[in-house]
Amino acid sequence: MQARTAMAMRRTIQPTWTTKGTKRTTRIGRTNTMALDPDNTSVLVAGGGGVAMDVARALKDRGAWVWCMQRSEARRAEVEDMLAFLVKADALDAESVGKAMDAADGLDVVVSTVGGTTAQPQADGQGNINLIEEAAKRGVKRFVLVTSIGTGDSKDAPPKPVYDTLEPVLVEKTKAEERLKQLGNEMEYVIVRPGGLKSDPATGNGVLTEDVRVCGAIHREDVAELVCQAVFSDKAKNKVLSAVDRNQLFGEPEFDVFVL
């Protein structure tokens, strides 16, 4: 109840935002086109840790209202310390997902980093599909799905041994991507496909591209920053984007950077 009251009060304030044009650069900053006002946006971030927690922090830094959907209470203190809310749900249980979304009053955006393992990849597929379908039912404006390079039409980007190892997960993630695209007439979407993830601090060299041939590594914090930009950018609407560190590419490919 307190969360809903606070949200209602916050939504009565409509601050004016100004943005300056930016040039293409390696440095990552705020988006220059915003689909939503961060200060009046309610976001559900689904995922147990890693990128999900970094996304939640980045969103809070921009002033968004953030709900973290997780399967356990283990990170409750960490979530509440950033002044976010924790809602407990299992992505593979559509009913609990719906209840979690209902707890976030006036939900505008869902970000999902949900995933499983190669031995149990169901969360990558059906878990994300449950989130996608429940969000569409509730009129969510935008769904940002974090998958991986190697899904869909980027299947040939990773080295074959890497793809073969991750195939069970990548096949399931592809199913979730396809379902999200099918609902594109009901809900805006952004699909972000990171390369190999590293846990070191952000480099600031993370970039996005529509080129499905690109592969490389990227740090989790840099992925989170790019995802956060995609939440608020009109230019990201209904885009499928690979995310890599420009200095950690496989080979020396030439590609166009997609600037938000």
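L83 is exposed in this predicted model, because its relative accessibility is 64% (buried means under 20% relative accessible area, exposed over 50% and partly exposed in between, with a 1.4 Å probe and protein chains only). The residue L83 is found in the loop between α3 (76-81) and β3; helices (H or I, at least four residues) and strands (E, at least two) are DSSP runs, numbered from the N terminus. Phi of L83 is positive, near 65°. A positive phi, near 55°, also occurs at N238, which is placed in the loop between α7 and β10 and is partly exposed at 30% relative accessibility. Most residues other than glycine have a negative phi.

Residues are numbered from 1 along each chain as its sequence is written. The model is predicted, so that local features need pLDDT of at least 70 and side-chain atom pairs count only at pLDDT 80 or more, while totals for chains, interfaces and linings use all residues; side-chain values use heavy atoms, with hydrogens and water left out.

The largest nonpolar core holds 38 residues, of which L59 and V111 touch the most other members. Such a core is a set of buried Ala, Val, Leu, Ile, Met, Phe, Trp, Tyr and Cys residues joined through side-chain atoms within 4.5 Å. Among the elements that give two or more residues to this core are β1 (42-46), α2 (51-61), β4 (109-112) and α7 (220-232); α7 contributes the most, with eight residues. Apart from neighbours within four places in sequence, L59 is in contact (heavy atoms within 4.5 Å) with V43, V45, A64, V66, C228, V231 and F232. A second, separate core of 30 residues includes A123, L131, I132 and L183.

Two aromatic pairs are present in the structure. In one of them, the ring centres of W65 and F85 are 6.2 Å apart and the planes lie at 5°, so the pair is stacked (rings of Phe, Tyr and Trp, the last by its six-membered ring, pair if their centres lie within 6.5 Å; planes under 30 degrees apart count as stacked, over 60 as edge-to-face and the rest as tilted). This pair links strand β2 (residues 65-70), which holds W65, to strand β3 (residues 85-88), which holds F85, across 20 residues. W65 is buried at 13% relative accessibility, whereas F85 is partly exposed at 24%. Together with W67, these two residues form one aromatic cluster.

N130, in helix α5 (residues 122-137), is buried at 7% relative accessibility.
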